[in-house]
Amino acid sequence: MSSNDHNDSLPVVEVYDTTLRDGTQMEGMSLSCDDKLRIAEHLDSIGVTFIEGGWPGSNPKDVEFFERAKDVAWKNVAVAAFGSTCRAQLRAEDDPQLQTLIAAGTSVCTIFGKTWNMHVTEVLRTTLEENLRMVEESVDFLRQNGRRVIYDAEHFFDGYKADSEYALETLRAAARGGAETLALCDTNGGSMPWEVEEMVKAAQGAVPNLRIGIHAHNDGECGVANSVAAVRAGARHVQGTINGYGERCGNANLCAIVPDLELKLGLQCLPQGGLEQLYDLAHFVAEIANLSPNEHAAYVGRSAFAHKGGVHVSAIRRHPESYEHVNPTLVGNESRVVVSELSGRSNVLSKAEELGLEVSSTHGGRVLERIKELESKGFAYEAAEASVALLMARHQDDYDAPFEVLDFQAGVGRRRGGGMFAEATVKVRIGEEIVHTAGEGNGPVSALDSALRKALRPFFPEVADMHLSDYKVRILDGRSGTGATTRVLIDSQSARDSWSTVGASSNIIEASLQALVDSIEYGLSLERST
């Protein structure tokens with residue numbers, strides 16, 4: 001089914017996003033209040049059911065978030081404040097932490113309580129009966145103050161294995177208090193899908209009139225599978241994070257769960273049009289969090305529908321479904337063809353079509369042989385599509401390169417009484433003219449870039465709008481010492497586009513210049529095509 005097939009008759013699974021709270025517990029991840037609001041607004045636009053904004057009693061940033069969230073006109077979501085049950089031997093109405101949940105001003109409060117008897121007696125150091133009181137009274141207190149309550153049964157699956165009857169009794173306590181949803185938490189992340197399915201059914205039997213949810217972690221690499229298993233068993237509320245961010249090995253990844261449920265199980269999770277925004281959402285959240293996106297992630301990775309093997313590409317040119325389990329456009333992604341030494345002629349022809357180039361089968365074969373020759377010398381074209389496009393263009397009879405570097409020189413040194421310096425000179429042919437320029441920089445590559453741009457700017461003013469956004473160096477065979485081949489990958493940007501180019505040589509300066517030349521030449525081709 002496509003996301004356009006949503007209709008009111010389909011079963012609905014609530015999507016509860018906890019990226020802003022549980023996700024930020026991932027090592028190396030931090031979000032400002034502004035970041036959290038931007039992500040929340042994006043989640044609202046895609047149509048998730050709940051956004052967990054944070055724990056208002058834990059830090060000033062979360063208090064600020066809830067204060068500012070009151071002024072946002074949310075279109076689809078209910079914002080939830082997160083906390084815990086009251087403390088042992090303390091009445092719910094006297095618990096300061098529960099008071100902060102009320103003060104957060106959200107319509108929904110999510111609280112967690114202990115399910116595992118070991119946690120009750122050894123961590124809380126209280127009695128099993130007292131824990132049941134804490135659960136029931138805390139939920140009831142929030143309900144008496146007009147809040148919808150989602151109860152997170154912490155360590156439910158481990159608790160069920162230790163004492164199934166007590167684990168189920170904690171759910172009954174939350175139900176007596178008035179919780180609308182009971183989310184079963186695989187807090188340690190080690191349960192298996194068949195265990196989850198069995199225990200979800202047991203929970204439904206214990207509280208047959210309440211919605212059951214799942215909150216899975218990924219310590220056994222089963223977070224998504226456990227979430228899907230829970231839904232198959234009857235759960236209709238799924239908690240998780242964008243891109244699977246979270247403590248230790250992460251939370252269950254909503255970017256895989258949601259399309260699995262919609263496209264594989266036929267269950268509606270998002271409003272019409274929401275699923276098609278998933279790719280953009282995943283990359284947006286990664287960008288805001290200042291984390292590199294996992295480009296091999298299911299559904300939303302850039303490589304999720306990338307085809308490299310020649311046999312595969314030949315097949316998908318005839319029938320895309322032959323090597324794609326779903327249509328990538330359903331999640332906002334796209335098919336891509338990767339060109340490398342493992343490619344066949346179909347890869348080259350498909351890539352040419354993708355780039356809008358006309359390449360004959362004969363030329364395609366020549367380009368393929370050239371790619372294989374260069375990759376044997378250390379080039380890698382999988383992540384350097386601009387260099388691939390130039391290889392193809394240069395094999396066309398009518399291609400005229402805008403410039404040619406004839407000579408170059410770069411060096412570094414230290415002046416007496418001064419600091420380090422780097423200088424470079426280049427001699428460039430532009431049409432019928434020969435231009436010889438020099439440049440300085442904070443290193444030899446920077447100086448080369450400066451000298452090359454200085455030579456080109458009078459002829460191509462658009463060069464001023466192009467800049468390098470990333471520069472990566474990889475030593476291919478460290479055993480060769482200083483004579484090892486070095487691969488350089490350069491990412492470039494203009495106001496409208498971004499592209500990547502590659503160079504390789506036993507000399508890092510030469511490798512860098514190759515990638516620099518490709519970068520500027522491809523950037524100029526983009527300008528000429530607009």
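**A helix wrapped up inside a predicted model**

Helix H15 (residues 385–394) is largely enclosed by the rest of the structure, because nine of its 10 residues are buried. Buried here means under 20% relative accessible area, while exposed is over 50% and partly exposed lies in between (1.4 Å probe, protein chains only). This is a predicted model, where local features need pLDDT of at least 70, side-chain atom pairs count only at pLDDT 80 or more, and totals for chains, interfaces and linings use all residues. Residues are numbered from 1 along each chain as its sequence is written, and side-chain values use heavy atoms, with hydrogens and water left out.

**The whole chain**

- There are 17 helices and 16 strands in the chain; helices (H or I, at least four residues) and strands (E, at least two) are DSSP runs, numbered from the N terminus.
- Of the 530 residues in the chain, 53% are buried.
- The chain's accessible surface comes to about 23,400 Å², and carbon and sulfur atoms account for 47% of that; the areas come from the Shrake-Rupley method with a 1.4 Å probe, and for residues only the protein chains shown count as cover.
- Take the contacts (heavy atoms within 4.5 Å) between residues at least 6 apart in sequence: 67% of them join residues at least 24 apart.

**How confident is the model?**

- Mean pLDDT for the chain is 87, with 84% of residues at 70 or more; pLDDT is the predictor's confidence in each residue, from 0 to 100.
- Residues 1–7 have pLDDT below 50, and this stretch makes 20 contacts in the model beyond near neighbours in sequence.
- Residues 340–345 are also below 50, with 22 contacts beyond near neighbours in sequence.

**Cores and the buried helix**

- The largest nonpolar core has 95 residues, and Phe65, Leu142, Tyr151, Phe156, Leu171, Leu184 and Val200 have the most contacts inside it.
- A nonpolar core is a set of buried Ala, Val, Leu, Ile, Met, Phe, Trp, Tyr and Cys residues joined through side-chain atoms within 4.5 Å.
- Not counting residues up to four places away in sequence, Leu171 touches Ala153, Phe156, Leu182, Leu184, Ala203 and Val207.
- Another core, of 33 residues, lies apart from it and includes Leu390, Leu452, Ile509 and Tyr522.
- Back in H15, the buried residues are Glu385, Ala386, Ser387, Val388, Ala389, Leu390, Leu391, Met392 and Ala393.

**A look at Thr181**

- Thr181 sits in strand S6 (residues 181–186) and is buried, at 0% relative accessible area.
- Beyond neighbours within four places in sequence, Thr181 contacts Glu14, Val149, Ile150, Tyr151, Arg211, Gly213 and His237.

**Hairpin and positive phi**

- Strands S12 (residues 420–430) and S13 (residues 433–441) pair in the antiparallel sense over nine bridges; strands pair if DSSP finds at least two bridges between them.
- Val426 has Thr437 in S13 as its bridge partner.
- Two residues lie between the strands of this S12 and S13 hairpin, where Gly431 has a positive phi near 65°.
- Asn243, a residue other than glycine, also has a positive phi, near 65°, and is partly exposed at 23% relative accessibility.
- Tyr299 isn't a glycine either, yet has a positive phi of about 70°; Tyr299 is buried at 3%.
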